[in-house]
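Good morning, and thank you for coming. I would ask you to look at the model on the screen while I take you through its aromatic residues.

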Amino acid sequence: MAKKLPMKKNPLINPPSYPYDVPALGEVKLEHVEQAVDWGIKKTRVNIRKIVNNRYNPTFHNTIHALAFVAEPLGQATGPFGQYAAVNGTEETQAVQDKIKPKIVEIQTEISMNKALFERVKHVYDNVDRSKLSTEEEILLDKTYNGFVD
């Protein structure tokens, strides 16, 4: 079994100071990926709980806008790895993809099947004054709601 890498040394979790906080592909190693995906999923779950357990009535900002960024930590891991995998299509890379894909599908399903989260989204969808939303916000609201009902 491989020695566990300290999270503080994982460039997918703690990216160096580069533009857009994305590590150089040469710094990303396969041993970083699963740890970063697990970290991203854990952070995503925390973010979902914050939305669901928000004591205030659902609003565009505290529900729809917050939900748009809920999986950002997971994207921090999967985005660079996707680029890495595109240029390093080895059997080892495929093995890592095969290992993390079920985890990613699980968290996506967990989000889309979260009844309490959907109820907050539906409340905003049914009650928001659309005249106060920008075009982009209206599109985000519709896409978010439809992501649950389609």
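Let me begin with a definition: a residue is called buried under 20% relative accessible area, exposed over 50%, and partly exposed in between, with a 1.4 Å probe and protein chains only. By that scale Tyr125 is partly exposed, because its relative accessible area is 26%.

Two remarks on the source. This is a predicted model, in which local features need pLDDT of at least 70 and side-chain atom pairs count only at pLDDT 80 or more, while totals for chains, interfaces and linings use all residues. Residues are numbered from 1 along each chain as its sequence is written, and side-chain values use heavy atoms, with hydrogens and water left out.

Now the overall picture. The chain has 6 helices and 0 strands; helices (H or I, at least four residues) and strands (E, at least two) are DSSP runs, numbered from the N terminus. The C-alpha trace spans about 50 × 30 × 25 Å along its principal axes. Of the 150 residues in the chain, 32% are buried. Among contacts with a separation of 6 or more, 68% join residues 24 or more positions apart, a contact being heavy atoms within 4.5 Å.

I turn to the aromatic rings. How many aromatic pairs does a search of the whole structure find? The search gives 4. Rings of Phe, Tyr and Trp (its six-membered ring) pair if their centres lie within 6.5 Å; planes under 30 degrees apart count as stacked, over 60 as edge-to-face and the rest as tilted.

Take Phe118 and Phe148: the ring centres are 5.6 Å apart and the planes stand at 45°, so this pair is tilted. Phe118 belongs to helix H5 (residues 115–127) and Phe148 to helix H6 (residues 135–149), so the pair ties together parts that are 30 residues apart in sequence. Phe118 is buried because its relative accessibility is 18%, and Phe148 is buried at 17%.

Tyr125 and Tyr145 make a stacked pair, with 3.7 Å centre to centre and 5° between the planes. This pair also links distant parts of the chain, with Tyr125 in helix H5 and Tyr145 in helix H6, 20 residues apart. Is Tyr145 buried or exposed? Its relative accessible area is 14%, so Tyr145 is buried.

To draw these residues together: Phe118, Tyr125, Tyr145 and Phe148 form one aromatic cluster. Thank you for your attention.
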